[in-house]
Amino acid sequence: VGIDTRLYNIARERLANPVACLQRCGVPDRMANQQTKRATFTRQQKEIRLESEVGSSGLWNQNGLSINYALLDLPFPLIRQIAAWQRDYDMTFFLPDRGDNAWWERHAQEEFDIAKALQIALGENTTIKIYRHQSWMSIEDVKNQSKKNSNESEDDPKEVQAFFDGVETKC
């Protein structure tokens with residue numbers, strides 16, 4: 001491009017070789033140490049709850065304390081998805097037209113999709129929970145509850161007919 005660029009350190013001296021300078025300052029070791037801490041912290045979490053709350057990360061531990069994204073060893077695209085979902089929720093408090101029923105249904109579906117992705121990313125050692133039916137439920141519990149509810153709502157035509165056959169009608 002033809003633009004003259006220079007790299008400077010804190011003392012405003014020119015860096016001849018940034019890679020060597022970063023190594024001399026211990027940056028790779030500090031980064032590896034930070035990654036180890038994130039992995040350890042993530043493995044220690046037996047339960048992570050996903051719930052949107054204004055100004056939060058949307059991630060909570062089993063005691064209800066917010067978890068910062070930087071503390072968890074998660075793929076960056078998943079963190080971006082969670083942050084976008086949470087930001088969308090935050091915006092409902094400033095844009096009243098976005099709080100309709102369709103928006104809430106879509107938000108709940110996104111929450112479920114993110115929870116499934118979190119469960120896959122974190123494996124079986126950590127249970128991901130979302131708030132459904134007035135309690136914290138794991139992804140499997142939500143799936144089972146949905147199946148149960150859909151089975152209950154689908155009435156067998158023979159059972160319906162048998163019910164009405166036993167009802168006396170007076171016209």
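**Contacts, core and ring pairs in a predicted model**

Me: Which residues does Thr126 touch, not counting residues up to four places away in sequence?
Reply: This is a predicted model, in which local features need pLDDT of at least 70, side-chain atom pairs count only at pLDDT 80 or more, and totals for chains, interfaces and linings use all residues. Residues are numbered from 1 along each chain as its sequence is written, and side-chain values use heavy atoms, with hydrogens and water left out. With contact taken as heavy atoms within 4.5 Å, Thr126 touches Thr42, Gln45, Lys46, Glu47, Ile48 and Gln119.

Me: Is Thr126 buried or exposed?
Reply: Buried means under 20% relative accessible area, exposed over 50%, and partly exposed in between (1.4 Å probe, protein chains only). Because its relative accessibility is 2%, Thr126 counts as buried.

Me: How far apart in space are Thr126 and Gln45, C-alpha to C-alpha?
Reply: The two residues are 81 residues apart in sequence. In space, the C-alpha to C-alpha distance between Thr126 and Gln45 is 6.1 Å.

Me: Which residues touch the most other members of the largest nonpolar core?
Reply: A nonpolar core is a set of buried Ala, Val, Leu, Ile, Met, Phe, Trp, Tyr and Cys residues joined through side-chain atoms within 4.5 Å. Of the 21 residues in the largest one, those touching the most other members are Ile48, Leu50, Leu59, Leu74, Ile82, Leu118 and Ile128.

Me: Which residues do ring pairs link into a cluster?
Reply: Rings of Phe, Tyr and Trp (its six-membered ring) pair if their centres lie within 6.5 Å; planes under 30 degrees apart count as stacked, over 60 as edge-to-face and the rest as tilted. Ring pairs link into a cluster Tyr89, Trp103 and Trp104.
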